[in-house]
Amino acid sequence: MRRYFPFRIDETWYALPLELVETVVRSVALIALPEAASGLLGLIDYKGTAYPVVDVRFRLHRPSQPVGVDQRIILAHRDEQVVAFLADEVESVIEVSDAQLKQSAEIFPDMDSYVTAILWHDEKKLQLCDAETFLYFDHELIKRHKGESVSSKPITDQ
C-alpha cells in the first residue's frame, strides 16, 4: 500500500506521494519578488524560513489567481529543496495499492510530463504528480533575489 496526499486545483484533483509533503498551512500573504518570472508567485515565511511558492496554475496552463483565504499552501520536497504551492482544497491521506493505479504510459506514452499515474478513489479521478516536474521552479530566481549561491537548503532570513 502507498500513501498519497490529494489536493484540488480548480476542478481537477491531484495527489503527491505523502512522503514528499512536508506540511499544509492556511494561506498567508506572500513575500513579493519584483523580478520573479512567470511560474514563481513569491516566498512564504514558514517558522522563520522562506520557501519559494511556485504557481502550479501556470504549469497547468490555467490563469493565475490571487491568494484566497480559503486556499491552502502545501510545502513539499522536490529533490533537496522544499517548495510551496497553492491548492484550492485538500483531503485526508489515502492509501492505495499499486493495482489501483493506472500508469500514465499505459494510457498514452509521454502523456504528460508531471502525471505519473491516474487513480480513481471515492468517485474522484486523481492525477498522481511527479514532484520533480510538477514543482519545478527556476533556482536562479532565488539566487538573484538573495544575492547568494543556490543551495539545497531552505532560504533562511539572516
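**Notes on rings, cavities and overall fold**

1. K124 sits over the face of W13, 4.8 Å from the ring centre. For a charge to count as over a ring, NZ of Lys or CZ of Arg has to be within 6 Å of the ring centre and within 35 degrees of the ring normal.

2. Before going on, a word on what you're looking at. This is a predicted model, where local features need pLDDT of at least 70 and side-chain atom pairs count only at pLDDT 80 or more, while totals for chains, interfaces and linings use all residues. Residues are numbered from 1 along each chain as its sequence is written, and side-chain values use heavy atoms, with hydrogens and water left out.

3. There are 2 aromatic pairs in the structure. F7 and Y14 make a stacked pair, because their ring centres are 5.8 Å apart and their planes meet at 25 degrees. (Rings of Phe, Tyr and Trp, the last by its six-membered ring, pair if their centres lie within 6.5 Å; planes under 30 degrees apart are stacked, over 60 edge-to-face, and the rest tilted.) Together with F85, F7 and Y14 form one aromatic cluster.

4. Are F7 and Y14 buried or exposed? F7 is buried at 0% relative accessibility, and Y14 is buried too, at 1%. The cut-offs, with a 1.4 Å probe and protein chains only, are under 20% relative accessible area for buried and over 50% for exposed, with partly exposed in between.

5. Searching the whole structure turns up 2 cavities of 30 Å³ or more. A cavity here is a set of points on a 1 Å grid over the protein atoms alone where a 1.4 Å probe fits but cannot get out; lining residues have an atom within 4 Å of a point. Points are joined across faces, edges and corners, and the volume is the space filled by probe spheres set on them.

6. The largest cavity holds about 50 Å³. Its lining is L41, V54, D55, V56, R57, Q65 and L86, or 4 nonpolar, 1 polar and 2 charged residues by class. Nonpolar covers Ala, Val, Leu, Ile, Met, Phe, Trp, Tyr, Cys and Pro; charged covers Asp, Glu, Lys and Arg; the others, Gly among them, are polar.

7. The second largest cavity comes to about 30 Å³. K124 turns up again here, lining this cavity along with P6, E91, I94, H121, D122 and L126. That lining splits into 3 nonpolar, 1 polar and 3 charged residues.

8. As for the whole protein, buried residues account for 42% of its 158 residues.

How values were computed:
1 Å grid on protein atoms, 1.4 Å probe; cavity = no way out; pocket = protein on both sides within 12 Å on 5 of 7 lines; lining within 4 Å.
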